Amino acid sequence: MSWLLLACAEAPDTGDGGTCSSSADSELVVVRTIELVIADDAGLSEGFNLDGAVSTSGGSSGCGIGDYVSPGGVEGIDNNFSRLVPTLETTEAKVETIEGLIQSAIDSGELLISFELGGVDSWENDECVSLSVGQATGDAMLGTDGLLLDGQTFDPDPGAPVTEADDGRISDGTFTTTGVATDIPAQILNAYLTLPIRSGAVSITPQGDDLYAGFLGGGVPTSYLQSVAETENVDPVVAELLGTVLSYNADLDDPDEGECKALSMTLAFDAVGAYWYAD
Amino acid sequence: MTPVAVPYSAVPLALLLLACDPAPDRAAPEAVRGEAPAFTAQPPVLRRLTYAQYQSTVAALFGEGLVIPAELEPDTRVSGLYAVGASVTSISSLGVERYEADAFDIAEQVLADESRRSALVPCTPASTIDSDCARAVLADLGPRAWRRPLESDELDRLVGIADTAAATLDDFDQGLAYALAALLQSPHFLFRPEPGEDDPERPGERRYTAYEMASRLSYFLWNTMPDAELFAAAADGSLLTTEGLAAQVDRLLADERAREGMAAFITDTWMLSDLDDLTKDPAIYTYMSDGLGASARQQTLLDAEAIVFDDDGDFRSILTTRATHLDRTLAALYDVPAPAREGFGATTLPESGGRRGLLGQVSFLALQSHATSTSVTRRGIFVREVLLCQALPSPPAGLNTSIPETTEETPTMRDRVAQHLEDPSCAACHNYMDPIGLGFENFDGIGRWRTTENEVEIDASGDLDGVDFDDAWALSAAIADHSAFAPCVNKTLYAYAQGRVGGEGEDDIVDWHAEGFAVEDYRLKFLLRDIATGQAFRTAGVAE
């Protein structure tokens, strides 16, 4: 599998013995709504198997934290932030608050998460599609429904980090890729912060009329969340509580921090088609 | 003079021969169409300044930036044009009050602004009542405002108003304000009298006077009052000579203000001022915004300006070109990259898209739709009446002309129109326009491209007077090539220039201009010049 991924980066494998080549223009979509994915009581959750393992509670993989099952029956879904929600709901960091901040950032044009897909020859099946995750900047126009209009033109935000992923593919009308990193601003407790999502995965599915739906999953370093709790204007009791909760709920390895030092999270989004300015 | 008859079929041949020469010397239009035919001069009309002309004239007199109330006597569209309506409308009693109030308001603004006042008042009043100073102001402003020299008694009366008001109000400027207001609410300012005079060179014929010609030209080509040079050409009489007229027309057309004039014609003929009142249901059309109508109008005008003045190209391409001008709002609605971060930029629409020319623009698609849906009837009527100059009968009184509601059996507009046309009393007329409107059904009621309606694929095919089309683009091309389109442009421009539709005995001269338009590759700039220098534009009939 890793050999295939490496091969795709150089001269991606088309799966039919050829190499990736496409004259298709890149397609840009910009996120217009985003929300946390919360697992239901039956243990079902949308998301990704980020660590490649199907973990059970107390087991040897996944830091001993049990995974979810997707509504489609896929096992090993990592979305452990979902388990923090009941705790957060007892504080000021309610889910609605987090989502509200993110949405207002989108509507004001401060958070225009961009997914640029390269080499899409077919939205049915395409074995070799690249993805560039970054942020767009510009005056965001909202429709009469209060949502970002599709078809807008933006500039790439030069100050935002860009993640390139070359292992994407489209299967049965849905694009998926891994190795994504991006930053999502949020408000947790009293702290305004930027959630660094690392080792993430993205799926994008066209809905017609220039609209797209998708999921963004990844790991947030627990040390980052802990440092925020310790340094920002957060009630010390709550900060201590958060530290305890985080230490028990980290379910992913972090590339910098080590084993079981990241918390998996899944965000559901919908996005609209957009363009870059030509110059 | 008897015109030389040239078969119309010779025109394409001539064009073909010209096209063979890599650097053709264009044949003079008269070599193909002959001399102008005889015509019957029509009685002069009395045109009231349109609201746009009122604005531009006040700006020309006193400078830009004055606040002019929007609520004046409304313009009236007659035969599809405000320019024609201006000749047949009068002023209501309410309108008189509005013009009066507006005149005083403008006068006060002018005199309260030191730079405007100093440009207007060349003297320092010696006392509250200073007849000489008032006379100096009014002797300069009066002829420009009324666009002709003032009779001495007219000037005396205006000075008398200034003096009397100054004495009453004990203030020179307030007295002058009354005189300015008198100038601006006078019929000589608000209307354009053109009684004409006997033509000494053509006994038995009448012509417009030099000052009448100055106004005819400036309002036709600039949509505003004459400038100093045009007044000078009127004063020395050169405007009444063929050479002098041609020189002024060429000068006017070379001036930037000609773009404003052409924009006024386009705005009038394609009803673009209606975009100010564009209304759409925001629950249905999420792209609706306060500025959409203005953006749409600007797009159409910039495109027309590019064809007419920047390229001096075939005007028919306004219906088929992919070259356009967009701002961010329209680019998003059209789902194409915006060419500019601020304002408008030039761009080319994708070849693969179905959007081309005027009929792919919001200024047509949204304006000729309902607030909650498309309207195949309104779109069809616009094509028939405005673009092809084909008269359609009004529906009989009491006839229900509404299209049936959407049902499971009639998911698309084509289905609903078919049901509608089952009624023979509807079909008689709607068969003439609705099939055209169906050709634009890939655009929703605000102008967004769509391929389905109620999840059923849209069929935008049809035929226009025997020419099959598959989609809106092919339909636009068919309209551009329609034998009635270019003559309709000519006919409308002629009516716009004259302030009336062509009258009895004018058909040949109107057709003659159309022939010249065709010979000159449908360049609108040529047609503007052709009409402005034409004998029919200079010849006054006898007042009825």
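The axes of helix α7 (residues 131-146) of chain B and helix α8 (residues 152-169) of chain B come within 9 Å and cross at roughly 125°. The model is a predicted one, in which local features need pLDDT of at least 70, side-chain atom pairs count only at pLDDT 80 or more, and totals for chains, interfaces and linings use all residues. Residues are numbered from 1 along each chain as its sequence is written, chains are lettered from A and ligands numbered from 1 in the order in which they are written, and side-chain values use heavy atoms, with hydrogens and water left out.

Axes are lines fitted to C-alpha atoms, for helices over the stretch in contact, and angles run from 0 to 180 degrees between N-to-C directions. Helices (H or I, at least four residues) and strands (E, at least two) are DSSP runs, numbered from the N terminus. α7(B) and α8(B) are therefore oblique to each other; angles under 35 degrees count as roughly parallel, over 145 as roughly antiparallel, 65 to 115 as roughly perpendicular and the rest as oblique. Their crossing is right-handed, a term used if the near helix is turned clockwise from the far one by less than a right angle. The contact (heavy atoms within 4.5 Å) involves residues of α7(B) including B:Leu138 and B:Trp146, and residues of α8(B) including B:Leu158 and B:Asp163. By class, this contact has 8 nonpolar, 1 polar and 4 charged residues, where Ala, Val, Leu, Ile, Met, Phe, Trp, Tyr, Cys and Pro count as nonpolar, Asp, Glu, Lys and Arg as charged, and the others, Gly among them, as polar.

A second pair, α11(B) and α12(B), packs at an angle of about 150° with the axes 8 Å apart. These two helices are therefore roughly antiparallel, and their crossing is right-handed. B:Ala210, B:Tyr211, B:Ala214, B:Leu217 and B:Ser218 of α11(B) meet B:Leu230, B:Phe231, B:Ala234 and B:Ala235 of α12(B). The contact comprises 8 nonpolar residues, 1 polar residue and no charged residues. The loop between α11 (210-221) and α12 (228-235) of chain B holds B:Asn223, which has a positive phi near 60° although not a glycine. At 11% relative accessibility, B:Asn223 counts as buried; buried means under 20% relative accessible area, exposed over 50%, and partly exposed in between (1.4 Å probe, protein chains only).

In helix α21 (residues 472-481) of chain B, 7 of the 10 residues are buried, so this helix is largely enclosed by the rest of the structure. Among them are B:Leu475 and B:Ile479. The buried residues of α21(B) pack against elements of chain B including α18 (376-387) and α20 (424-438). α18(B) and α20(B) themselves pack at about 105°, with their axes 7 Å apart, and are therefore roughly perpendicular. Their contact divides into 7 nonpolar, 4 polar and 3 charged residues.

Chain A has 5 helices and 10 strands, and 49% of its 279 residues count as buried. In the loop between β1 (27-36) and α2 (81-89) of chain A, A:Cys63 has a positive phi of about 60° although not a glycine. At 25% relative accessibility, A:Cys63 counts as partly exposed.
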